[in-house]
Amino acid sequence: MTFDLEYNSERPLMIIPEYGRHIQKLVDHCVALESKEERDKMAKAIVDVMGNLQPHLRDVPDFKHKLWDQLYIMSDFKLDAESPYPQPSKEELQEKPEALAYPKSASRYRYYGNNIQTMIDVALSWEDGDKKEALVFTIANHMKKCYLNWNKDTVDDAIIFKHLYDLSDGKIDLRETKEELSESKNLLKKRNSQGQNNTKPVYKKPHHNNQNKNRKR
């Protein structure tokens with residue numbers, strides 16, 4: 001008696017290996033069926049089995065839609081079966097996504113982060129007035145806090161005003177203002193106090209009076 005053994009090196013590569021060799025063979029058999037009715041019936045059965053093999057996908061939106069798309073992908077888009085969803089195309093799958101633009105960031109002063117540039121853009125869109133002035137000084141104080149977190153314990157307000165002038169392309173100019181930002185020690189105190197909130201209280205062993213032991217009963 002002889003057996004024909006199949007080696008993995010001789011088998012074709014699986015398109016979606018997560019489902020295993022047997023599911024791939026079922027898909028190939030379904031594609032080879034001549035009757036449209038039989039292909040439709042077997043395709044639905046294969047999708048049900050695929051759903052049982054991937055139970056974590058049940059929480060994914062359009063769970064069934066994803067399984068049917070994977071079925072067509074495993075058939076190399078050769079399966080002619082009725083599907084409740086639009087059949088995907090190979091061109092659509094191989095289409096390259098559009099390139100995403102890099103976010104606008106404070107590249108000249110990275111320690112301020114990307115949100116600072118967004119806040120500056122919002123401030124520039126506001127009309128001149130007390131609200132805009134308050135927002136500008138709030139941004140400047142936040143920049144000072146970021147500078148202290150990443151650089152050193154002291155910084156002159158003139159440096160912050162200069163950086164704000166650069167990041168706003170010269171549209172926000174506080175270099176000649178007489179207003180002062182929050183003191184560095186106050187900003188550092190807030191930073192340090194946040195780290196102390198998680199400290200656990202130290203347990204001290206109660207002190208016993210040894211004179212009680214010498215008393216006579």
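Tutor: Contact means heavy atoms within 4.5 Å. Helices are DSSP runs (H or I, at least four residues), numbered from the N terminus. This is a predicted model, in which local features need pLDDT of at least 70, side-chain atom pairs count only at pLDDT 80 or more, and totals for chains, interfaces and linings use all residues. Residues are numbered from 1 along each chain as its sequence is written, and side-chain values use heavy atoms, with hydrogens and water left out.

Student: Fine. Which residues in α2 and α3 meet?

Tutor: From α2, they are Ala43, Lys44, Ile46, Val47, Asp48, Met50 and Gly51. From α3, they are Phe63, Lys64, Leu67, Trp68, Gln70, Leu71 and Met74.

Student: What is that contact by class?

Tutor: The contact of α2 with α3 has 9 nonpolar, 2 polar and 3 charged residues. Ala, Val, Leu, Ile, Met, Phe, Trp, Tyr, Cys and Pro count as nonpolar, Asp, Glu, Lys and Arg as charged, and the others, Gly among them, as polar.

Student: At what angle do the axes of α2 and α3 cross?

Tutor: Helix α2 (residues 36-53) and helix α3 (residues 63-74) have axes that come within 10 Å and cross at roughly 115°. That makes α2 roughly perpendicular to α3, a label for angles of 65 to 115 degrees. Angles run from 0 to 180 degrees between N-to-C directions, on axes fitted to C-alpha atoms over the stretch in contact.

Student: Switching topic. How many aromatic pairs?

Tutor: The count comes to 5 aromatic pairs. Rings of Phe, Tyr and Trp (its six-membered ring) pair if their centres lie within 6.5 Å; planes under 30 degrees apart count as stacked, over 60 as edge-to-face and the rest as tilted. One of the pairs is Tyr109 with Tyr111, tilted, at 6.4 Å centre to centre and 55° between the planes. Tyr111 also pairs with Tyr112, edge-to-face, at 4.8 Å centre to centre and 65° between the planes.

Student: Which residues do ring pairs link into a cluster?

Tutor: Tyr109, Tyr111, Tyr112 and Tyr147.

Student: Is Tyr112 buried or exposed?

Tutor: Buried, with a relative accessible area of 3%. Buried means under 20%, exposed over 50%, and partly exposed in between (1.4 Å probe, protein chains only). Tyr109 is buried at 14%, while Tyr111 is partly exposed at 23%.

Student: And where does Lys144 lie?

Tutor: In helix α6 (residues 130-150). Lys144 is buried, with a relative accessible area of 3%. Leaving aside neighbours within four places in sequence, its contacts include Asp157 and Glu183.

Terms used:
Helix = DSSP H or I, 4+ residues; strand = E, 2+ residues; numbered from the N terminus. Parallel < 35°, antiparallel > 145°, perpendicular 65-115°, else oblique.
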